[in-house]
Amino acid sequence: MAAVPADVREGGGGTRRGLAATRRRHTMAAWLFCLPFLVLFAIFMAGPVVASLTMSFTDFTSRDLRDPLAINLVGLENYSRLLSDDRFLRSAFNTLYFVVVGIPLTMGVALAVAVALNAGIKRFRTFFRVGFYTPVVTSIVAVAVVWRFLLQPDSGLVNQVLGWVGIDGPNWLQSTTWAMPSLIAMAAWRNMGTLMVIFLAGLQTIPKELQEQAMVDGAGAWRRFRSITLPLLRPTLLLGAVLTGVGYLQFFEEPFVMTKGGPLDHTLSTAFFAYNQFGFGNYSYAAAASYLLFLAIVVLTLVQFRLLRSRT
């Protein structure tokens, strides 16, 4: 094999050095373009997150604002206090109740509506889509106020309708039994529009040939839905479950507007508990509660990925 001349070798080395210098310039230019975002992210996002996490390991309260040097590190003391705090445990149970009942209810109703719009309803389909999605873009405060009037014990429309069939409706929002189901029903009604749009998009990606072949083979509607639609819809169901789970674990506006956490803390959510503690000036305690809520979001998301991830 002939030897490579020295000038060619030097030229090749020069070319490689030139390419490396070009890459460095491109990389530097890319970082310069990203620099404004990185600075804003560090100041307004990453910085507060790190500061709040650090705060959860201290005894920082509103009294320490005048003398920040008096703050002491207390390790996991705030977290251990939370796990023995009856009000926090009550709020954690309420949040779990809201999530366990609310997610399947919202997803089930949204999937039923999406299937109906995709197959059963041919005329006015766009009208129904807009109608079901309208509560999503409506202010949660406005929705909560309207539902609060609907659920009034004496003049509310719900109890009036029940009275027509001889049922004496309860005081929905002041009952320890019915307050949380009332909030769940409102949340499911308001949030099903988002999932309906997502599920409808997923249903429209399923090849119609599979459904037609199953019909030829004699499969009924339920069999086709269980064996074809649901398996192919797993990624879409996973997306809907994660979005709904993250939102429902942080539910706050519903009890804040409608019940103020009552009656007897039966609608007090974990986010509402952290909000109250921050208002009381217990900043480190509120930060610890927030990070326990964040941990719950991570665990729920991992469980959802485990249950709904694609089998293929």
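**Close-up views of a predicted model**

View 1. Trp-31 is exposed, at 54% relative accessible area (exposed means over 50%, buried under 20%, partly exposed in between, with a 1.4 Å probe and protein chains only). This is a predicted model, in which local features need pLDDT of at least 70 and side-chain atom pairs count only at pLDDT 80 or more, while totals for chains, interfaces and linings use all residues. Residues are numbered from 1 along each chain as its sequence is written, and side-chain values use heavy atoms, leaving out hydrogens and water. Trp-31 sits in helix α1, residues 6-55 (helices are DSSP runs of H or I, at least four residues, numbered from the N terminus). A nonpolar patch on the surface includes Trp-31, along with Met-28, Leu-32, Leu-35, Phe-37, Leu-38, Val-39, Leu-40, Phe-41, Ile-43, Phe-44 and Met-45. Together they have about 1,300 Å² of accessible area (Shrake-Rupley method, 1.4 Å probe; for residues, only the protein chains shown count as cover). Patch residues have over 30% relative accessible area and no salt bridge, and nonpolar side chains are joined within 5 Å.

**View 2. The largest nonpolar core.** This core has 55 residues (buried Ala, Val, Leu, Ile, Met, Phe, Trp, Tyr and Cys, joined through side-chain atoms within 4.5 Å). Leu-82, Phe-98, Met-107, Met-186, Phe-199, Met-258 and Phe-273 touch the most other members. Helix α7, residues 179-203, gives the largest share of the core, 12 residues.

**View 3. Around Met-107.** Met-107 is in contact with Leu-195, Phe-199, Leu-237 and Ala-241, leaving aside its neighbours within four places in sequence (contact means heavy atoms within 4.5 Å).

**View 4. The loop between α11 and α12.** Pro-263 lies in this loop, between α11 (253-258) and α12 (270-279). A cis peptide bond joins Gly-262 and Pro-263, with omega about -5 degrees. Lys-260 is found in the loop too. Its phi is near 55 degrees, a positive value in a residue other than glycine. Lys-260 counts as exposed, at 56% relative accessibility.

View 5. Leu-264 is found in the loop between α11 and α12. Phi of Leu-264 is near 55 degrees, a positive value in a residue other than glycine. Leu-264 is exposed, with 71% relative accessible area. From Leu-264 to Tyr-133 is 34 Å, C-alpha to C-alpha, and 131 residues in sequence.

Conventions
Patch = residues over 30% accessible without salt bridge, like charges linked within 9 Å, V, L, I, M, F, W, Y side chains within 5 Å. Salt bridge = Lys/Arg side-chain N within 4 Å of Asp/Glu carboxyl O. Helix = DSSP H or I, 4+ residues; strand = E, 2+ residues; numbered from the N terminus.
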